[in-house]
Amino acid sequence: MSQGYGPLADRPHRPAVGLEVSHESADLHVTGQALYTQDLVGRTYGTLHAWPVAAPHAHARLVALSTEAADQVPGVVHVLTAADVPGLNDAGEKHDEPLFPTEVMYYGHAVAWVLGETLEAARQGAAAVTADYEPLPALVSVHDAIAAESFQGTPRTVSRGDAAAGMARAKYRFEGELEIGGQEHFYLETQAALAHVDENGQIFVQSSTQHPSETQDIVAHVLGLAAHGVTVQCLRMGGGFGGKEFQPHGLAAIAALGATLTGRPVSLRLNRNQDIQMTGKRHPFFATWEVGFDADLRLCALRATLTSNGGWSLDLSEPVLARALCHIDNAYWIPDIEVHGRVAKTNRASNTAFRGFGGPQGMIVIEDILGRCAPQLGVTPDDLRRRNFYAPGQATPYGQLVRHAERLEAIWSTLCERSDFAGRQAEVAAFNTAHPDTKRGLAITPIKFGISFNLTAFNQAGALVHVYKDGSVLINHGGTEMGQGLHTKMIQVAATALGVPMSLVRLAPTRTDKVPNTSATAASSGADINGGAVKNACEQIRERLAVVAAGQLGVNAADVRFTDGVVTGLGFHDKQLAWADLVHDAYFQRVQLWAAGFYRTEGLHWDSGRMQGEPFKYFAYGAAAAEVEVDGFTGAYRLRRADIVHDVGDSLSPLIDLGQIEGGFVQGVGWLTLEDLRWDESDGPHRGRLATQAASTYKIPSFSEMPPEFNVHLFERATESGVVYGSKAVGEPPLMEAFSAREAIRQAVGAFGPAGHSVDLACPSTPEAVYWAVEAARAASAAAPGAQPENQPATPPTAYAGV
């Protein structure tokens, strides 16, 4: 690169990246002026509203469907059925999700949609539709599917060495299983789409989607159109968390189909109960495992099988499973390993992406193993974890070198010092000795999380940057904004690359006719790939302007510098140009003032069949220490303090990253300790119905769950080469730092039992689950009157099975 800007990671003098700025829409958010998809309905004349005809069975054959009565309901305009579809009756990329099904596959599955002048008219029309069903046996849980051998997709295996031989050599062996709960996205803005047809027959869809290009693809194939006949725009989302990566497509297609048939705009917005019932969650997993340790208590072998509950269709279940398999090692070297993965097919809504995308479900397996085995091995969990960290030069089970492995130890040491971990361990032990019915726990856990899409083709992005004659700048890019601050970072990247104040840069909504073939804003890669594309476009413009400036300044173009809207020559400060004046002059010299940028992540290779290669650009590292207090009478607990040290490289926007770290941690605490999804698994008429359909029955974290003391430190001297301005992704990795809170609960529960007691803790670890774990610990104490006093390590066993 010319003009002193250097490689992708290098920063110029006085960059806008790295500044602590608030979210670009913060003022609009807090004043209620920020527009979301549904807000546009009131600005769109003649909009119709859609309501689903939901099936009251988890599995049934649709025998007959009559819409005559609905057509007579005042305000009903049309009832959409399969007969109305001009193209492909499918809402997925794998052609396994009929938009209008003849076989109901989950409770609440929409078999038709009613369009009405008002939402109430559409609702009444849906109630008037008559559907006859033939109920069929329903598989609800992952265990139902395993028993019935009901699986979908391709099973995968990650392996290295000889796990059987490694297990045979192990001095200590353990085995067990873990049931991992799902999680509802509970974004504030539910799924929404607004579609209309213009005078040229062009379909325009406003969608709350993380993947506008894929929404465009699905709408096009349902309507039987080429992609250029459909434009999708995403203004912003009121949260996404992965739930709007794949699942908005069919809903947008319904709205577009309705608009095409009626010639009027159609709005589709799910209410909260519908959204929770009809859309997929974080994949629940069931894991069985066998692990071995050598005489030095280092991991020597692991054999495991991970079974995810995919729901009724594949959706994103295969790549979610692949990432889970690739993250079961977390931060630990396991020389001999064999992990099998499979996707169960059940009669639930199709489970989908959720922050972490399978990584958390894989990582929790090894963290649960270490937390359960440490007492039996006679060491503290933090000691067992630390002695098993990856070391420089070691590689993952799938063959990728763990670059910067030394950061694990550095981050861990920094966190121990900043959190006074050793001193507080002594305080916790003293507290527990003095309080027989209330116990505290303190735990520390690390993370190593790979950044990039598992599907290599998705690791690309585009951008379109316009510089107007007055010097103002407009940028478009392929990423979507869901509150995470991506647009804020892109403004900072553009301002840095052009050398202008941030006030000159505006960002336009994401839409497919401006930047085509976009990748989903997911996998924590939004800033990496879109930032690279924005930077590329800006550099094209800047280099053209440098030629113009060089002529006026009398220097070589390579020696022109752009800083805060002032253009100078390297080493010459007696003459300078204003940015706006330079742009004005360039226009009259017929210099192109816009550019299309592109970025592709280099160095990636992945063989999905062999599950080997280098699928990730780099690893994000971090660690968290959490302290909890557990009530032995009720199982209720409170998070007293959390400390985090997290590696974001050289932060593009520190305040944005801080918010992502805090928010990710709290969302992880919700998944691990609060959020308990319950389905009717009886043999009654409502089998397969989700029982936790609202905030009254499904508890998400609130301010009361925030720790009174919450300390976050961005790891220093952490420049990541080969990434835009040396930064690292921050969206997903902090969620897994919440493992520390669950492990702290395990520590507190263990304090109710004898030394060496291994705590089997359900996930999510709700107060009810904690209560029963406490009871088990007390029963162990009662059964072992000669046990060593609490807080004293047990003597390591020679072998142990059935943890």
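This is a predicted model: local features need pLDDT of at least 70, side-chain atom pairs count only at pLDDT 80 or more; totals for chains, interfaces and linings use all residues.
Let me begin with a term: a residue counts as buried when its relative accessible area is under 20%.

You will find Lys244 in the loop that runs between strand E11, residues 230–234, and helix H7, residues 248–262. Leaving aside residues up to four places away in sequence, Lys244 touches Tyr187, Glu189, Thr190 and Gln191, then Ser208, Thr209, Gln210 and His211, and also Met237, Gly238 and Gly239. His466, on the other hand, is 222 residues from Lys244 along the chain, and the C-alpha atoms of these two are separated by 29 Å.

The crossing of H6 and H7 is right-handed. On the H6 side the contact is made by Glu214, Thr215, Ile218, Val219, Val222 and Leu223, and on the H7 side by His249, Gly250, Ala252, Ala253, Ala256, Leu257 and Thr260. Sorted by class, the contact of H6 with H7 has eight nonpolar, four polar and one charged residues.

Thr260 deserves a moment of its own. This residue sits in helix H7 and, at 40% relative accessibility, counts as partly exposed. Not counting residues up to four places away in sequence, Thr260 touches Val197, Ile203 and Leu223. Of these, Leu223 is 37 residues from Thr260 in sequence, while the C-alpha atoms of Thr260 and Leu223 are 8.4 Å apart in space.

Now to another helix, H15, which spans residues 526–553. H15 has 28 residues and reaches 38 Å from its first C-alpha to its last, which is close to the 40 Å expected at 1.5 Å a residue. Is H15 mostly covered or mostly uncovered? It is mostly covered, since 21 of the 28 residues of H15 are buried.

H15 has a partner in helix H14, residues 486–498, and the axes of H14 and H15 come within 9 Å and cross at roughly 30°. H14 and H15 are therefore roughly parallel to each other, and their crossing is right-handed. H14 brings Leu486, Lys489, Met490, Val493, Ala494, Ala497 and Leu498 to this contact, whereas H15 brings Gly526, Ala527, Asn530, Gly531, Val534, Lys535, Cys538, Ile541 and Arg542. By class, the contact of H14 with H15 has ten nonpolar, three polar and three charged residues.

H10 passes H18 in a right-handed crossing. In H10 the residues Pro360, Met363, Ile364, Glu367, Asp368, Gly371 and Arg372 meet Phe739, Arg742, Glu743 and Arg746 in H18. The residues of this contact of H10 with H18 divide into four nonpolar, one polar and six charged.

A cis peptide bond joins Cys763 and Pro764, with omega about 15°. Pro764 is placed in the loop between helix H18, residues 739–750, and helix H19, residues 767–783.

I will finish with two arginines. Arg14 has a positive phi of about 50° although it is not a glycine, and Arg14 lies in the segment before helix H1, residues 26–31. Is Arg14 buried or exposed? With a relative accessible area of 52%, Arg14 is exposed. Arg590, likewise not a glycine, has a positive phi of about 60°. Arg590 lies in the loop between helix H16, residues 579–588, and strand E24, residues 594–600, and, with a relative accessible area of 79%, Arg590 is exposed.

Key
Residues are numbered from 1 along each chain as its sequence is written. Side-chain values use heavy atoms; hydrogens and water are left out. Helices (H or I, at least four residues) and strands (E, at least two) are DSSP runs, numbered from the N terminus. The expected span of a helix is 1.5 Å times one less than its number of residues. Buried means under 20% relative accessible area, exposed over 50%, partly exposed in between (1.4 Å probe, protein chains only). Axes are lines fitted to C-alpha atoms, for helices over the stretch in contact, and angles run from 0 to 180 degrees between N-to-C directions. Angles under 35 degrees count as roughly parallel, over 145 as roughly antiparallel, 65 to 115 as roughly perpendicular and the rest as oblique. A crossing is left-handed if the near helix is turned anticlockwise from the far one by less than a right angle, and right-handed if clockwise. Contact means heavy atoms within 4.5 Å. Ala, Val, Leu, Ile, Met, Phe, Trp, Tyr, Cys and Pro count as nonpolar, Asp, Glu, Lys and Arg as charged, and the others, Gly among them, as polar.
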